[in-house]
Amino acid sequence: MPAADPNTTRSRALRVVMVYGILGLGFSSVGVQLVRLGLAERAIGKTSISRPLAKTYARPDIVDRNGNIFATDVVMQSLFADPANLLSANETLATLNTVLPGIDTAHLRSVLANRKRRFVWLRRGLSPAMAQRIHDLGLPGLDFKSEPKRSYPQGRIAGHLIGHVNIDNKGTAGIEHYIDEHVGIEHVVATPQGRRRALHLTIDLPAQAALEAELAGAMRRYSSTAASGVVLDVDTGAVRAAASLPTADPGNPLEAQHLRFLDRLKRGTYELGSIFKTVTIAMALDNRKITTRTKFDVRQPIELSRRFTISDHQPADRPLSVTEIFVRSSNVGAGLIALKVGGAEQRRFLAKLGLLKAIKTDAGPTAAPLVPSSWGRSETVTIAYGHGLAVAPLQFAAAGAALVNGGHAVAPRFVKRSSSIATKRAPLRRVISARTSADIRRLMRLNVTSPIGSGRRADVEGYEVGGKTGTADRASTGGYDGDAVIASFFAVFPISKPRFVVLVTLHDPKPTGSSKKRSASLNAAPTAGRIIKRVAPLLGVVPKLR
Amino acid sequence: MLRMFILLAIAAALASAFRLYAVSYQTQQIADQNSRMTSEIAKLSQDITILRAERTYLMRPERIEPLAGKLGMRPVAGRQFMTPSELHTDQRQR
């Protein structure tokens, strides 16, 4: 062995250091990686699949003022297919049809034939039992996704108000639409987590059920085709019960599109007849044009044109005071009062009461009133007794509440203020004086207590009901349907300190018993009485029995 | 001396490695348990939602009213309200 050259020795030592260095670096990187793997969250197994087609929305519950559920999200299974993994579209559909009848086989066959698509809904919102049966078929290429589906455990109760959602759980009508607009819904891809704060309505479920039951009873009793009713807080406008019969099923948006299921409280406008005399007299009293003792000569009919005169069913043989005009419901009297005030002022007053424009509510706007294009002498007279101006009953109830609550305007509300967006109470807007309001209350009470009053069948022991009847010929295309009427009763109780107004409307009621009459005093008035009798105790109104 | 130090260092490295893995496995187990419980909570809260909906369905006025009627119950009436003074006189009469 030759003697070590110092140069060689040094280069050997350098090589050894280099090898050690590389090995050390390698081991330490392995060590660092091990530590990293040990400490890192195990995000490795997670995959995220984005399916732009499969989106749905989680919604808050809708509950009544006391927390009774109207609508809630229930997780259901939805069946989808991945055409790329299907064995045979035809066979799969044939097998599926054995447990799931009613799928659109022809349409799906063409869709599933396209193997480039990776996602096709077959049926959404299956019950767990049905999902299990389909799962048991063991068909490849089919899978389930759980998603929230709206369910309405109360059935059809308050159906018109609740509204509808579409297949993606988005609100399309009524309070469901309000939720999308003002409360917010949450876009979810898989099962929703956590619970949302429920939306509280002003509705009282027992009162709502009682109202619907009484209206259904009235429809049977008077062979009426439809009916609507509303119970509204005179001071706040909070609606405690609102119904239109036939009722709508929130779970069936298609059915609700039929005219038969029209919301006759908000979405239909009607000439409401003599209940408008309340407005006419309030207008004249408030303008100081008359007092309740002012007399009008109502013996002669009012001639509006050669063909058209206004007369009373039972013409009086002497001049009548305003009080008598109200209680006897004289059309001529109301017409004369309106003429004394004048058409321009009448129009201004109706606008102030909010009867000439559609109003917005939490459950969507009311149908726009049908206002005459020209407002001449005939219009002034006919509108005075409730013809020639068609409004949604809900709109009239709100305007009527202002006449009896001391004179300030109210807007109907369906969402409880604490969960509503408008948490601030709007300043009161006065529409008539407190004195006029007191006069109107006295007239309405008299119409129920007087032996000749048209509202006497609406009285309820202890609840001091006041009210006005209205029997209007039903308008149909190009004139009036000679036979059918719309009978309504506008009530307020208790008269000494009004809490609620009730407006009942019966469509095309028939005479009962030996009577040939269909006037509201015989059908709408007693119906309103029955409603108040049931609803008032539920709403905590204490009667004055002694 | 140096050999002693190297042996000790190796022992310490081994010990800390074992400790690290033990802690890591424990953490994983707790994480597993956590996710199991989270999904159980989600499932249970879904069950609660379904049960609440079912209870509401069974309690709907349409169904309860005829049942209550069979038990002889009637809708609340205005006459059932009493003032505190009336209650007082009632008790004295007894």
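Visitor: How many residues does the contact take from chain B and from chain A?
Guide: In this predicted model, chain B and chain A bury about 2400 Å² between them, 58% of it on carbon and sulfur atoms. Counted by residues, the contact takes 32 from chain A, and the number from chain B is 24.

Visitor: Which element gives the most to the side of chain B that touches chain A?
Guide: Between chain B and chain A the count is three salt bridges, and one pair that forms a salt bridge is Asp61(A) with Arg52(B), with the closest N and O atoms 3.5 Å apart. On the side of chain B that touches chain A, the elements giving two or more residues are helix H1 (2-59) and helix H2 (61-70) of chain B. The element that gives the most, with 14 residues, is H1(B).

Visitor: Where on H2(A) do the buried residues sit, on the same side or on opposite sides?
Guide: In helix H2 of chain A, residues 89-99, the buried residues are Ala89(A), Thr92(A), Leu93(A), Leu96(A) and Val99(A). Because they cover an arc of only 115 degrees around the axis, they lie on the same side of H2(A).

Visitor: Which exposed residues does the face of H2(A) turned away from its buried side carry?
Guide: The buried residues of H2(A) pack against several elements of chain A, including strand E3 (69-81) and strand E5 (142-151). The face turned away from that buried side carries the exposed residues Glu91(A) and Thr98(A).

Visitor: Which residue in E5(A) is the bridge partner of Leu79(A)?
Guide: E5(A) is mostly covered, with nine of its 10 residues buried. E3(A) and E5(A) pair in the antiparallel sense over 10 bridges. Within E5(A), the bridge partner of Leu79(A) is Phe144(A).

Visitor: How many residues apart in sequence are the parts that the pair of Arg156(A) and Glu255(A) ties together?
Guide: The side chains of Arg156(A) and Glu255(A) meet in a salt bridge, at 2.9 Å from N to O. Arg156(A) lies in the loop between E5 and helix H5 (159-162) of chain A, whereas Glu255(A) lies in helix H8 of chain A, so the separation of the parts they tie together is 99 residues.

Visitor: Is Glu255(A) buried or exposed?
Guide: Its salt-bridge partner, Arg156(A), counts as partly exposed at 30% relative accessibility. For Glu255(A) the relative accessible area is 18%, and since the cut-off for burial is under 20%, Glu255(A) is buried.

Visitor: Which residue meets Asp459(A) in a salt bridge?
Guide: Asp459(A) counts as partly exposed, at 36% relative accessibility. The side chain that meets Asp459(A) in a salt bridge, at 3.2 Å from N to O, is that of Arg445(A).

Visitor: What is the phi of Asp508(A)?
Guide: Asp508(A) lies in the loop between E18 and helix H16 (524-538) of chain A, and at 13% relative accessibility Asp508(A) counts as buried. Although Asp508(A) is not a glycine, its phi is positive, at about 50 degrees.

Visitor: Which residue does a cis peptide bond join to Pro494(A)?
Guide: Pro494(A) is found in the loop between strand E17 (479-493) and strand E18 (500-507) of chain A. The cis peptide bond has an omega of about -25 degrees, and the residue it joins to Pro494(A) is Phe493(A).

Notes
Residues numbered from 1 in each chain as written. Chains lettered and ligands numbered in written order. Predicted model: local features only at pLDDT ≥ 70, side-chain atom pairs only at ≥ 80, totals over all residues. Heavy atoms only, no water. Helix = DSSP H or I, 4+ residues; strand = E, 2+ residues; numbered from the N terminus. Buried < 20%, exposed > 50% of the residue type's maximum accessible area, 1.4 Å probe, protein only. Arc of directions from axis to C-beta. Contact = heavy atoms within 4.5 Å. Pairing = 2+ DSSP bridges. Buried area = accessible area lost by both parts, 1.4 Å probe. Salt bridge = Lys/Arg side-chain N within 4 Å of Asp/Glu carboxyl O.
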